[in-house]
Amino acid sequence: MNARDERRNPYWLRALSLKSMRGRMALLLGLAMLPAGVIAMQVGLNAVSARQAAFEETLSRRALQSLSVESNVIDEVREMLRVLATAPALQQIEAGDCLQWLGEVAARYPYVAALGISDERGRLLCSYPAAPPQYEPAPSELHERARARDAFTIGYVDRGGLTGAPVLGALEPIRQGARRVGFVGASITVAQLGEILDRGRALDQAHAAIVDYRGRVVAESSPMSDGPNPGIPHPDQIRDRLGPEPAFVPVDNGDAVILPLHPPDLYAVMSWAPAQPAWRRWSELGFSLIAPILIWMLAVATGWFAIEVFVARPLSNLEAAARGFARGEDIADPPALRS
């Protein structure tokens, strides 16, 4: 490098150039300490992942605890239908007192809007409330699924035959010996489901919904009046995460958990507003990633500075003295050469 280049380029740029010994040493130091930097970054990423996993676990437990009322309702309906399907009183249907009998049963469950007994083909034999004359129930997907499964089945019906409103219907097979002869069913209106969902929302401050196996929202709680209302995942997001274990999904204005309510038919979604501002979450993530890089750069700079002070600079002074001696100049004993 000639004198013109030295005047044009500052010292630090010349020192860090790969043409110089100092630049090559800085590069080698960076490569030598790169594994330590990668390990430090991996540790930071693991810490972020561990915090996220702990947050999701806490949210899942909170959702399971919050849905105890809804889970108890489904369990009660299933147990009620199981008992009805095996009750000897079913033989009294033709005696004309079925309506009274079903009415007494429905009175014990205020959230049950209708009860009905149908034959294998879906023809209604008895119901509460009483069906209109010449009533013919429309074919339903729920009935077809119950016939194919031959077990308790629950699902959404867009228009209940006895209620005239969207309902959550449940069917239990009736058997005589080993032969299935029909079904006993119960309906809960979507409005009643919404009231059930609203009961616990004042305590857990969540947006709750019941969804079916298609990811379709059957019922959801009322919007909260204070603060932004956290959203519900899209049906595609719900379908992709249905399973036996709770699943975590980020949503608008919060975080949601999808968990089984009565798999494979029904699932629940609970969403909460974020526990901390978004900028804080992103800053924690950024710090976890940037801090290892800064530590790695500081280690490289410290090593380079130590080599510069104790190795490179004395060698440069010695080289300059040797060149002066070769030109026949008088070499004094400068302080730089004493060590």
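Trainee: Why is Tyr111 called buried?

Mentor: In this predicted model, Tyr111 has a relative accessible area of 9%. Buried means under 20%, so Tyr111 is buried.

Trainee: What makes Tyr109 and Tyr111 an aromatic pair, and how is its geometry classed?

Mentor: Their rings lie 6.2 Å apart, centre to centre, and ring centres within 6.5 Å count as a pair. The planes are at 65 degrees; because an angle over 60 counts as edge-to-face, that is the class assigned. A search of the whole structure finds 1 aromatic pair.

Trainee: How do you know whether Asp265 is buried or exposed?

Mentor: The relative accessibility of Asp265 is 1%. The cut-off for buried is under 20%, therefore Asp265 counts as buried. Asp265 is found in the loop between β9 (254-262) and β10 (266-272).

Trainee: What makes the approach of the Asp265 side chain to the side chain of Arg149 a polar contact?

Mentor: The two side chains come to 2.7 Å, and the limit for such a pair of N or O atoms is 3.5 Å. The side chain of Asp265 also reaches the backbone nitrogen of Ile154, at 3.3 Å. Beyond four places in sequence, the residues that Asp265 touches include Arg145, Phe152, Thr153 and Tyr213.

Trainee: Which residues touch the most other members of the largest nonpolar core?

Mentor: Met80, Leu81, Leu115 and Met270 do, in a core of 45 residues. Helix α4 (residues 68-86) supplies the largest share of this core, 7 residues. Leaving aside neighbours within four places in sequence, Leu81 is in contact with residues including Leu115, Phe152 and Val184.

Key:
Residues are numbered from 1 along each chain as its sequence is written. This is a predicted model: local features need pLDDT of at least 70, side-chain atom pairs count only at pLDDT 80 or more; totals for chains, interfaces and linings use all residues. Side-chain values use heavy atoms; hydrogens and water are left out. A nonpolar core is a set of buried Ala, Val, Leu, Ile, Met, Phe, Trp, Tyr and Cys residues joined through side-chain atoms within 4.5 Å. Buried means under 20% relative accessible area, exposed over 50%, partly exposed in between (1.4 Å probe, protein chains only). Helices (H or I, at least four residues) and strands (E, at least two) are DSSP runs, numbered from the N terminus. Contact means heavy atoms within 4.5 Å. Rings of Phe, Tyr and Trp (its six-membered ring) pair if their centres lie within 6.5 Å; planes under 30 degrees apart count as stacked, over 60 as edge-to-face and the rest as tilted. A polar contact is a pair of N or O atoms within 3.5 Å; within protein, one must be able to donate a hydrogen and the other to accept it, and residues adjacent in sequence count only if both atoms are side-chain atoms.
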